[in-house]
Amino acid sequence: MHRFFLPADWMARSTVVITGKLAHQMRNVLRLGAGDHITALDNSGWEYDIELQKVDSGKVEGRVINKSLSVAEPGTKITLYQALLKGSNFEFVLQKCTEIGVAGFVPVICERCVAGEPDSKRLGRWRSIITEAAEQSRRGKLPFLHSPVGFIEACKAASGIALLPWEGEKVRGIGDFLRSHTKPENDTVFSIFVGPEGGFSPHEVEFAQSCGIVPVSLGHRILRAETAGLVAAAVTLYEFGELGPR
């Protein structure tokens with residue numbers, strides 16, 4: 001069944017009205033018609049089974065058949081502080097980390113970043129990538145996308161258990177560190193920092209540590225900048241029981 005994140009004001013108690021490009025997509029691209037069902041999401045964690053009643057290229061109307069809470073949102077909330085990357089590599093990070101359950105993204109400007117700051121058009125494309133990945137992976141909420149920030153500001157804003165995967169860390173592995181923390185009853189919050197293609201500078205690592213951010217190793221192999229965040233987030237979710245049956 002097709003899944004769509006919709007603005008909350010498109011949904012009433014028992015009906016939904018869809019307009020604009022999405023209505024056009026449903027009728028002319030997906031060839032949906034009256035009697036078909038879709039899943040609508042309001043970005044609050046609820047999902048709605050909608051039976052379409054009227055389908056035009058400019059407006060789609062439907063009625064709510066059932067409402068239920070999404071089971072796909074992890075209790076472990078990860079914010080990925082990812083340094084800006086060249087080409088489409090940042091888009092890869094957004095797509096794949098959304099699929100596995102990352103809760104939000106903060107683009108970070110580091111000393112060794114080669115990529116420039118994104119303009120409004122690029123940010124809009126990034127939000128579309130997140131939305132499509134969230135719909136495909138059956139997420140119940142859209143991961144947030146923060147505006148780009150400098151590394152120092154990012155370190156000061158980090159919350160919860162903050163980790164910095166770093167090739168210079170030779171003792172503390174990410175798995176051992178995570179297993180030393182017992183999952184509390186409430187949601188667990190993680191901040192994971194990943195550097196650019198050239199890695200973090202020594203000054204950045206030192207400043208991060210002064211802010212309580214813990215360097216960890218991802219193993220003996222050196223991962224690419226677009227891979228490290230995905231691996232670190234997946235290991236974290238696995239260690240806290242978020243990648244298996246509940």
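This is a predicted model: local features need pLDDT of at least 70, side-chain atom pairs count only at pLDDT 80 or more; totals for chains, interfaces and linings use all residues.
## Overall build

The protein has 246 residues, and 45% of them are buried. Its secondary structure consists of seven helices and 12 strands.

Among contacts with a separation of 6 or more, 75% are between residues 24 or more positions apart.

In soluble globular proteins, nonpolar side chains tend to be buried together. Here the largest nonpolar core has 50 residues, and the members that touch the most others are L80, L94, F105, F151, L163, L164 and F193. Helix α7 gives the most to this core, contributing six residues.

Leaving aside residues up to four places away in sequence, L94 is in touch with F105, W126, I129, I130 and L145.

## Helix α1

Helix α1 spans residues 20-29, and its buried residues are L22, A23 and M26. Viewed down the helix axis, these buried residues lie within an arc of 105°, so they line one face of α1. An α-helix has 3.6 residues a turn, so residues three or four places apart point the same way.

The buried residues of α1 are covered by parts that include β1 (3-5), β2 (15-19), β3 (37-41) and β5 (59-69). On the face turned away from the buried side, α1 carries the exposed residues K21 and V29. Just after the helix, R31 has a positive phi of about 60°.

## Aromatic pairs

A pair of aromatic rings is described by the distance of the centres and the angle of the planes. The structure contains five aromatic pairs. One of them is the stacked pair of Y81 and F193, with 4.4 Å from centre to centre and 5° between the planes. This pair links distant parts of the chain: Y81 belongs to strand β6 (residues 76-83) and F193 to strand β11 (residues 188-194), 112 residues apart. Both Y81 and F193 are buried.

The rings of F190 and F240 are 5.2 Å apart at their centres and their planes stand at 80°, so this pair is edge-to-face. F190 is in strand β11 and F240 is in the segment after α7 (225-239), so the pair ties together parts 50 residues apart in sequence. F190 counts as buried because its relative accessibility is 0%. F240 is also buried, at a relative accessible area of 7%.

## Other ring and strand contacts

Y81 and F193 also belong to a cluster in which ring pairs link them with F151 and F200. Elsewhere, a charge meets a ring: the charged end of K67 sits over the ring of W46, at 4.4 Å from its centre.

S191 is a further residue of strand β11. Its relative accessibility is 1%, so S191 counts as buried. Apart from residues up to four places away in sequence, S191 touches T79, Y81, A158, S159, I161, A162 and L163.

How values were computed
Residues are numbered from 1 along each chain as its sequence is written. Side-chain values use heavy atoms; hydrogens and water are left out. Rings of Phe, Tyr and Trp (its six-membered ring) pair if their centres lie within 6.5 Å; planes under 30 degrees apart count as stacked, over 60 as edge-to-face and the rest as tilted. Helices (H or I, at least four residues) and strands (E, at least two) are DSSP runs, numbered from the N terminus. Buried means under 20% relative accessible area, exposed over 50%, partly exposed in between (1.4 Å probe, protein chains only). A charge sits over a ring if NZ of Lys or CZ of Arg is within 6 Å of the ring centre and within 35 degrees of the ring normal. Contact means heavy atoms within 4.5 Å. A nonpolar core is a set of buried Ala, Val, Leu, Ile, Met, Phe, Trp, Tyr and Cys residues joined through side-chain atoms within 4.5 Å. The arc is that of the directions from the helix axis to the C-beta atoms.
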